[in-house]
Amino acid sequence: VASNESSSSAAGSGAESAALFSKLRSFSIGSGPNSPQRVVSNLRGFLTHRLSNITPSDTGWRDSILSIPKKWLSTAESVDEFGFPDTLPKVPVPPLDETMADYIRALEPITTPAQLERTKELIKQFTAPQGLGPRLHQYLLDKRETEDNWAYYYWLNDMYMNVRIPLPINSNPGMVFPPRRFKTVHDVANFAARLLDGILGHREMLDSGELPLERAASREKNQPLCMAQYYRLLGSCRRPGVERDSQYLPSRERLSDEDRHVVVICRNQMYCVVLQASDRGKLSESEIASQILYVLSDAPCLPAKPAPVGLLTAEPRTRWAHDRELLQQDERNQRNLELIETAQVVLCLDEPLASNFNARGFTGATPTVHRAGDRDETNMAQEMIHGGGSEYNSANRWFDKTMQLIICTDGTWGLCYEHSTSEGIAVVQLLEKIYKNIEEHPAEDNGLPQHHLPPPERLEWHPSQQIQLRFGQAAKSVDKAIDDLDFYVYRYQHYGKSFIKSCQVSPDVYIQLALQLAHYKLYGHLVATYESASTRRFLHGRVDCIRAASSEALEWAKAMCQGEGANVPLESDREDEEESRKVKFSIYSKDHLRELFRCAVARQTEVMVKNILGSGIDIPLLGLREASVEVTGEMHELFTDESYKISQCFLLSTSQVACSTDSFMGYGPVTPRGYGCSYNPHPEQIVFCVSAFYSCEDTSASRYAKSLQDSLDIMRDLLQN
């Protein structure tokens, strides 16, 4: 979920948006010898050579080579009103020595001295003039010349398509919006209709090419951002493969006779609701509501228990791929699959989860803000992430679908989204826009008029005996995974980003350091940490990884803990008032701690900026790894090295998911021994979604949240005034 790239969504004019849209219709944008991006490349190369002998100052990293376009490209063939090329630059291939130096620096705080020395020796051999490194680096440079984005499919396959574990919990995030107040089933239908009408309106805007172009709000302000992923949200779907998954992405050219439909799932029954048809045009909100009301009244009354086909989409990918092949042997099932995959979205009409999904917090934690009956925010988030299990709503899903809108009869609502087509910012912006429009323009309550439309088609499945046996196995598998998820929505309400900004620190940088301190307080060391960094300044750019576990952060965390080891007693552990009143002696002065903090901030900021400007290390390392296989037929020893494995095992997986509404998004850890932690900073509070697995005895979502509270408190004490 990448949200580090600040942007202004209203920056584009209609003509500008239309021009971008026409370019995005084809995946390839020309790169002839005189094209703007070639000019950019040549300028970068020239200036890199000229500047290579200059010793950078302490702030030299701010003047990245990638900031050159705004200053130098006024002579390019075609530039926009802000002086940037009309075509987006390609993702760069950073210099090999720079990537390796940054890689060593990233390893220092998370590996042993022996592991680090071993890796340094491998890098020395790899980067030698006659070593494999320069050859692979040139291979990537050549690939960059011939492709729109040399890294895109390397990254997509490594991050998503090649991964074989189930989507729910492990990959698909869940998002919770402020709950609604439903008095009748008509309220549910009306709200669902307004959401779907908003989705259809957004689809029409995409078709017309009127989606506003976003521009960077900082670090080369007004630089245009790639909008490609915004066009992949609706009508797309992931498809399981035996070895590698694939994506169904609809054509950007809409046929005149093409219908727009959604699939609605209620009580595990699936219905196809046509929102716009060639023979009758677009349905009104009240007409959509009448279709939803039919589903709500029909699904509970059917005599036969439906086949829980949706459960199969929660299985490991290879297993689901085999099941899908069996389903497709029946033409009627094959048509159902096509209707689901081509639907604009899937709408899931849910039943409430039991209160046993509520948070297992800690003494003194702030109470939940949103409630639906006796359900708290943690309970609501679990419904969005996985549905609650086979006895609740996990079969009321299609986890391959890019966007699943979820509405529960108790007013809880949000979505589950499949991550491979886009980052969180595109999904959040779309739904928040629709939600705000609903809030600002309340519908008039004129009852629900009767419409003489044909009822929506119910999708009937015809599973073979072999598939029917799989339903029971899938139910046990998904229930076991859900029982293992340790999830906690924690609101830190002592301060928010207003105070952080008063300290002249980026809120994202500040929170990342708090996450590092919280981990150090519990375990006495730092671990490989993933934070997504948007690379949308480049054509088809997605994300790279900001590695927050730095040597500077480690030195600061050690000092903050006064030299104590793991399992430092947390302030919130102290229940004895007398104990808490005892005088505490510090072996480090506040001035020294502040100086260490500023060093950690500077390093974290440097890594963040390098990533969003295309000079991270994870994408280049991935490219070199894949190139080694393509060029030599085997993976180089540098990528089978123990240090590389440690660096790729993200025991702390994080992301900022900034929302303009009081909403939040969460997900599970990416490794069995790790934590997941998203955060949403507000002016006076920070919302965290912390996750772990109960099967790991060393991790606890509530204890990590408790350590976070303590860390944020002592950081305030350090920096205030």
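Trp-556 and Phe-597 are both buried in this predicted model.

**Aromatic pairs**

The structure holds 24 aromatic pairs. One of them joins Trp-413 and Tyr-435, and its geometry is tilted. Trp-413 sits in strand β11 (residues 413–417) and Tyr-435 in helix α13 (residues 424–440), so this pair links distant parts of the chain, 22 residues apart. Trp-413 counts as buried because its relative accessibility is 0%, under the 20% limit. Tyr-435 is buried as well, with a relative accessible area of 9%.

Trp-556 and Phe-597 also form a tilted pair, because their planes stand at 55°, between the limits of 30 and 60 degrees. Trp-556 is part of helix α17 (residues 551–560) and Phe-597 is part of helix α19 (residues 590–612), so the pair ties together parts that are 41 residues apart in sequence. The table gives the values for the two pairs.

| Pair | Centre to centre | Angle between planes |
|---|---|---|
| Trp-413 and Tyr-435 | 5.6 Å | 45° |
| Trp-556 and Phe-597 | 5.4 Å | 55° |

**Ser-702**

Ser-702 lies in helix α22, which covers residues 701–719. Ser-702 counts as buried because its relative accessibility is 16%, and the limit is 20%. Its side chain makes a polar contact of 3.3 Å with the side chain of Ser-700. Apart from neighbours within four places in sequence, Ser-702 is in contact with Arg-360, Gly-361, Phe-362 and Tyr-488.

**The second largest pocket**

The second largest pocket holds about 960 Å³ of space. It is lined by 35 residues, and those closest to its centre are Asp-158, Met-159, Tyr-530, Phe-650 and Val-670. By class, the lining has 19 nonpolar, 10 polar and six charged residues.

Note on methods
Residues are numbered from 1 along each chain as its sequence is written. This is a predicted model: local features need pLDDT of at least 70, side-chain atom pairs count only at pLDDT 80 or more; totals for chains, interfaces and linings use all residues. Side-chain values use heavy atoms; hydrogens and water are left out. On a 1 Å grid over the protein atoms alone, a cavity is a set of points where a 1.4 Å probe fits but cannot get out, and a pocket is an open set with protein on both sides within 12 Å along at least five of seven lines; lining residues have an atom within 4 Å of a point. Grid points are joined across faces, edges and corners, and a volume is the space filled by probe spheres set on the points. Ala, Val, Leu, Ile, Met, Phe, Trp, Tyr, Cys and Pro count as nonpolar, Asp, Glu, Lys and Arg as charged, and the others, Gly among them, as polar. Helices (H or I, at least four residues) and strands (E, at least two) are DSSP runs, numbered from the N terminus. Buried means under 20% relative accessible area, exposed over 50%, partly exposed in between (1.4 Å probe, protein chains only). A polar contact is a pair of N or O atoms within 3.5 Å; within protein, one must be able to donate a hydrogen and the other to accept it, and residues adjacent in sequence count only if both atoms are side-chain atoms. Contact means heavy atoms within 4.5 Å. Rings of Phe, Tyr and Trp (its six-membered ring) pair if their centres lie within 6.5 Å; planes under 30 degrees apart count as stacked, over 60 as edge-to-face and the rest as tilted.
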